Amino acid sequence: MKITDITIHHLRMTMKNPFTTSFGSLQDKEFLLLEAKDADGTIGWGESVAFETPWYNEETLKTNWHMLEDFLIPLILNKEIKHPDEVSQIFAPIRKNNMAKSTIEGAVWDIYAQQTNQSLAEALGGTRDKIEVGISIGIQNSLEELVDIVDRSLKDGYKRIKVKIKPGWDVDVMRALREEFPDAAIMADANSAYRLEDSALLKQLDAFDLMMIEQPLASDDIIDHAQLQKELKTPICLDESIHSLEDARKAIELGSTEIINIKIGRVGGLTEAKKIHDYCEAQGVPVWCGGMLESGIGRAHNIALTTLPNFILPGDTSGSNRYWKKDIILPEVVAADGYIDVPQTAGIGYEIDRKTVESYTITKKEYK
Ligand code: OSB
Ligand code: MG
């Protein structure tokens, strides 16, 4: 491979409903797509999962663009690359900025898969032809609305219900859901809304037989989480705290986490995601694939990753229709009875709907 031409597309897509976490609400999603062209004409796509504001992590749409334009694209253009695993080595001199790095790496994986005539799932070593998926539900205005959404999601067949919690929207909410849905696979995601001093409150969640609690404590912590896990029966699953294989190793060795949420962007790309997957598999730690409210391109990468064998818990990759009136890929991602069929065609396995991409584009810029 030799990438000769890269275009960054800046899109704005409006979500059907606002998505609310312990940090705030999001409805208009602005993000970057990266289109890379190989010398042989093959085109691959990557998606930056950075938001406009740095609430989830320190990266933003603009920091990603800056890193791509000033550092990452110059390192990749016209470089001879034999395998996408080389991209993370090429980027190694640059610290962090994992979502920016992952944006290019995703496009390179797409090109590689097409050139070797494999689906992205196959190229990664995936073993499933369909994946089991769950749904992530933001904080609602009332308990009645939440119960209604959970009910509909279960009827749609989603295999696991994740509910966002925050102080004041936690124990009573989870108790009510457990009473209403005694057999459902339910979990909570706190997005770092608590501190170790809140452990008595968090312990009350043990009564509701939750699959796990995701990232209860600080986004940069693995020490307090280890202490909290000693006090909780409910497994802790780290999200924000894990940026690399090294982070995963340390968190598992310390006992800070019993399950890991892998997000491709957060860990710097598919190559690192696969390494974390392999390590967790060897340690007997289950993983699942998280989501960042992606468009169809990011969704396609998530689906491919989830075909690896240790993705044994349903992830957050719901169908395109969960967030978008019209997605930018053809066909759209369909979750039917809690399963998504893994596309078998070469590359990410979906066509890019260029007309729809154009309709959502604010601006774009070409690099060569
Ligand atoms: O913490 O997993 C999270 C969305 C945005 C940022 C962080 C998170 C989430 C979700 C939704 O939970 C996942 C999705 O449906 O894409
Ligand atoms: Mg999370």
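Okay, so before anything else, one term: a cavity here is a set of grid points where a 1.4 Å probe fits but cannot get out, worked out over the protein atoms alone. Keep that in mind, and remember that this is a predicted model.

So, how many cavities of 30 Å³ or more turn up in the whole structure? There are 3. Let's go to the largest cavity, which holds about 200 Å³ of space. Its lining is made of 23 residues, and F19, K164, G291, M292 and L293 are the ones nearest the centre.

Now, what sits in there? Ligand 1: the space it takes is that largest cavity.

Let's look at who surrounds it. Ligand 1 has 18 residues around it, and the closest are S136, K164, N191, L293 and Y323. Sorted by type, that shell has 7 nonpolar, 3 polar and 8 charged residues. And where does the shell come from? Domain 1, meaning 3-118 plus 351-367, and domain 2, 122-341, each give at least three residues to it.

Okay, zoom in on the oxygen atoms of the ligand. The side chain of Y323 puts an N or O atom 2.6 Å from an oxygen of ligand 1. For K162, an N or O atom of the side chain is 3.0 Å from a ligand oxygen. And D239 has a polar side-chain atom 3.1 Å from an oxygen of ligand 1.

Notes. Residues are numbered from 1 along each chain as its sequence is written. Chains are lettered from A and ligands numbered from 1 in the order in which they are written. This is a predicted model: local features need pLDDT of at least 70, side-chain atom pairs count only at pLDDT 80 or more; totals for chains, interfaces and linings use all residues. Side-chain values use heavy atoms; hydrogens and water are left out. A residue is near a molecule or strand if one of its heavy atoms lies within 4 Å of it. A polar contact is a pair of N or O atoms within 3.5 Å; within protein, one must be able to donate a hydrogen and the other to accept it, and residues adjacent in sequence count only if both atoms are side-chain atoms. On a 1 Å grid over the protein atoms alone, a cavity is a set of points where a 1.4 Å probe fits but cannot get out, and a pocket is an open set with protein on both sides within 12 Å along at least five of seven lines; lining residues have an atom within 4 Å of a point. A molecule sits in a cavity or pocket if more than half of its atoms lie within 2 Å of its grid points. Ala, Val, Leu, Ile, Met, Phe, Trp, Tyr, Cys and Pro count as nonpolar, Asp, Glu, Lys and Arg as charged, and the others, Gly among them, as polar. Domain bounds come from an automatic or database domain assignment. Grid points are joined across faces, edges and corners, and a volume is the space filled by probe spheres set on the points.
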